[in-house]
Amino acid sequence: MLTNRSKVVVNKQMTFMERIYLPAVIGGLITTMKHFFRKKTTIDYPKEKREISENYRGQHVLKVDEKGAERCTACGLCAVSCPAEAITMTAAERKKGEENKYREEKYAAVYEINMLRCIFCGLCEEACPKEAIFLTDRLVPVSGNRDEMIYGKDKLTEKSFNQVDISKRQTPEVLAFKQQKQYQHNK
Amino acid sequence: MVGGYIIYKSIMVVLIFLIGLGIAAYSTYAERKVAAFLQDRLGPNKAGPYGLLQPIADGVKMFMKEEIIPDVSNKFLFILGPCIAMLTACMTGVVIPWSTPIIFNGVSYPLQITDINIGILYVFGVVSIGVYGIMIGGWASNNKFSLLGALRASAQMISYEIAMGLSIIALVMMTGTISLGEIAAQQSGGNWNIFYQPLGFLIFITCAFAECNRTPFDLPECETELVGGYHTEYSSMKLGFYLFAEYVNMFISSAIISTLYFGGYNMPFIGRFVTDPNMLSILGVVFLFGKIFFFIFFFMWIRWTIPRFRYDQLMHLGWKIFIPLSILNIILTGAGILFFNK
């Protein structure tokens, strides 16, 4: 009675037409036949793929700069911001002669994202002060093994000769946001 | 001459056997496709183009599965069960008139394996033996779920056979013959029995659904309620035989419904366009198969439209509604014959 939507059960006798059920059966057949010709809601997946949004949040990428040096400095902001606690990392100090591999003096020796925990919210990307991590429009492949779903640097870091295009996730609004004073060190 | 006769009949038997099995195999594919389409899905489409090789894949799977015969079962009867189910399913096809005779070199070749003058009784007799396949299979498994499933199945099939037989009596009164060949021949020129026996047809097709254990009467093997019904203990090709027999039965019931009520191989007005008797005969086969395919589709269409009956509702419908209705139908037909002096 609180919602005012309760209905009183009526035990009324069915009429003769209702009792022979044939009209109801024919009505049902017409309904199912309409579905027969309707556009299918499923797709033939590996052959055709559903359209996804331009700034889709799929598998992560660890960016490298134009010289091929990793941008990540293992500051841990992404791990802190991650609501699913999917990111772990171990920092290390850059040695002499590794300048072309790592952009700054500190880098992530181990960087792991547990794809089973990740909820693809994009907060890591937002937190990153070095523009090192981005979500891409690639889907995370399925696996029958839990261990394989923990992605290390081998799977996450992009190759310098084959950089992943993340311009769709750097809209003018995002770039303007990053122009603010407190992000000036990110040049 | 006798040798030629035997060769011709053997060819017919093998041909109809193969066609029956082929149609049954592709019914499994059609069932999955129709089910998918009615549910807005795509259905099997991986094995071959449009999934057309799916029945072969299923058959290979069935053969490759481990064959388990339970220790506590009666082994002879356990194996006999699916054999009877398959045998009776394939046996009914011999009396169905596929078309008018083909005349070749002055010799008439009837497109019917045998036109025994008690064709309908033969069909009913063979179908009744089919119940034993289920009963023996369920009982020999020595498992309470199989036994319960077999009991449900046999009780259902026996109950609905009565109404089915009674609905046929009205048809037999009208046609004056129980030979399927003659019944088909009488319906030439759009003179189909459905127009004279609509109530009888309704009872017959509903009982045919029940006889084939198809939804809404699939209680013997309803997956959601029973562990699998009478074939709980079966595996490998013996299970395949039970499932396959069901599809053969569906094909044969469709053929019998078409022959008894929808003119068999006859199509009205076709005589105006084609006069060559051999051509008409071949077209007759095409029309009959068109009707059969429609009814097979109708079986599947009904399956995804009407939900399953409760067991007491099933018995109520069979004994308290269909049997009185079919008796009423007999009385009405008798009165009609008397009144119109047909």
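Guide: Let's begin with the term itself: a salt bridge is a side-chain nitrogen of Lys or Arg within 4 Å of a carboxyl oxygen of Asp or Glu. Over all chains, a search of the whole structure finds 14 of them. Keep in mind that this is a predicted model, in which local features need pLDDT of at least 70, side-chain atom pairs count only at pLDDT 80 or more, and totals for chains, interfaces and linings use all residues. Residues are numbered from 1 along each chain as its sequence is written, chains are lettered from A and ligands numbered from 1 in the order in which they are written, and side-chain values use heavy atoms, with hydrogens and water left out.

Let's start within chain B. B:Asp58 and B:Arg32 form a salt bridge whose closest N and O atoms are 3.4 Å apart. Because B:Asp58 sits in helix 2 (residues 54-64) and B:Arg32 in helix 1 of chain B, the pair ties together parts that are 26 residues apart in sequence. Helices (H or I, at least four residues) and strands (E, at least two) are DSSP runs, numbered from the N terminus. B:Asp58 has 26% relative accessibility and so counts as partly exposed; B:Arg32, at 36%, is partly exposed as well. The cut-offs are under 20% relative accessible area for buried and over 50% for exposed, with partly exposed in between (1.4 Å probe, protein chains only).

B:Glu67 and B:Lys238 make another pair, with 2.7 Å between the closest N and O atoms. This one links distant parts of the chain: B:Glu67 is in the loop between helix 2 and helix 3 (75-91), while B:Lys238 belongs to helix 8, 171 residues apart.

A polar atom of the B:Asn266 side chain lies 2.7 Å from the backbone oxygen of B:Ala184.

There is also a bridge between B:Arg310 and B:Asp312, whose side chains meet at 2.8 Å, N to O. B:Asp312 is partly exposed, with a relative accessible area of 45%. Elsewhere, salt bridges that share partners join A:Asp44, A:Lys47 and B:Lys46 into one network.

One salt bridge is counted between chain B and chain A: B:Lys46 pairs with A:Asp44, and their closest N and O atoms are 2.8 Å apart. Around it, 16 residues of chain B are in contact (heavy atoms within 4.5 Å) with 14 residues of chain A. The two chains bury about 1,400 Å² between them, 70% of it on carbon and sulfur atoms. B:Asp40, B:Leu42 and B:Trp301 supply 38% of the area that chain B buries against chain A, more than any other three residues. Buried area is the accessible area (1.4 Å probe) that two parts lose on being put together, summed over both.

Seven residue pairs between the chains are in polar contact, both residues being at pLDDT 80 or more. On the chain B side, helix 1 (2-38) and helix 9 (277-303) are the elements that give two or more residues, and helix 9 has the largest share, four residues. By class, this side has eleven nonpolar, two polar and three charged residues. A polar contact is a pair of N or O atoms within 3.5 Å; within protein, one must be able to donate a hydrogen and the other to accept it, and residues adjacent in sequence count only if both atoms are side-chain atoms. For the classes, Ala, Val, Leu, Ile, Met, Phe, Trp, Tyr, Cys and Pro count as nonpolar, Asp, Glu, Lys and Arg as charged, and the others, Gly among them, as polar.
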